[in-house]
Amino acid sequence: MHRRIVGRYSVEVRTLKTAAGRWKAAYIVEPAAHAGPRDFVMITLLDEFEEERLAVDAAMERGIKHADWLAGARRAYSR
């Protein structure tokens, strides 16, 4: 498991090795401990990868973009 804090959100990446020897990854974006009650959790599964590091990097990149999008939407909603 790999985790990074992005503003008010925690981005977590988990990987799984398939029976074919390839890697699948998922990212989870959820509120960090100090976030408000209107936040939610979203999980998106990614494609298969030859190497675990590639799966982690791709999932983390998408998770960070998602967290940034959520933060922007939160700012726009609070205006």
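This is a predicted model: local features need pLDDT of at least 70, side-chain atom pairs count only at pLDDT 80 or more; totals for chains, interfaces and linings use all residues.

Entry one, the surface. I found a nonpolar patch of about 310 Å², made by Val41, Ile43 and Leu45. I then asked where Leu45 is found. Leu45 sits in strand β4, residues 42–49. Is Leu45 buried or exposed? Leu45 counts as exposed because its relative accessibility is 62%, and the cut-off for exposed is over 50%. For the protein, I noted an accessible surface of about 5,300 Å², with 54% belonging to carbon and sulfur atoms. Buried residues make up 35% of the 79 residues.

Entry two, the layout. I counted 1 helix and 4 strands, and read the order from the N terminus as β-β-β-β-α.

I followed strand β1 (residues 2–6) into strand β2 (residues 9–17): the two pair antiparallel over 5 bridges. Their hairpin leaves 2 residues between the strands, and Gly7 in the turn has a positive phi of about 60°. Next I traced β2 to strand β3 (residues 23–31), an antiparallel pair joined by 9 bridges. This hairpin has 5 residues between its strands, with Gly21 in the turn at a positive phi of about 85°.

Which residues does Tyr9 face? I found Tyr9 as the bridge partner of Val6, and Tyr9 also stands opposite Pro31 in β3.

Last entry, contacts. Among contacts between residues at least 6 apart in sequence, I noted that 45% join residues at least 24 apart.

Conventions
Residues are numbered from 1 along each chain as its sequence is written. Side-chain values use heavy atoms; hydrogens and water are left out. Buried means under 20% relative accessible area, exposed over 50%, partly exposed in between (1.4 Å probe, protein chains only). Contact means heavy atoms within 4.5 Å. Accessible areas come from the Shrake-Rupley method with a 1.4 Å probe; for residues, only the protein chains shown count as cover. Patches are made of residues with over 30% relative accessible area and no salt bridge: like charges are joined within 9 Å, nonpolar side chains (Val, Leu, Ile, Met, Phe, Trp, Tyr) within 5 Å. A salt bridge is a side-chain nitrogen of Lys or Arg within 4 Å of a carboxyl oxygen of Asp or Glu. Two strands pair if DSSP finds at least two bridges between them.
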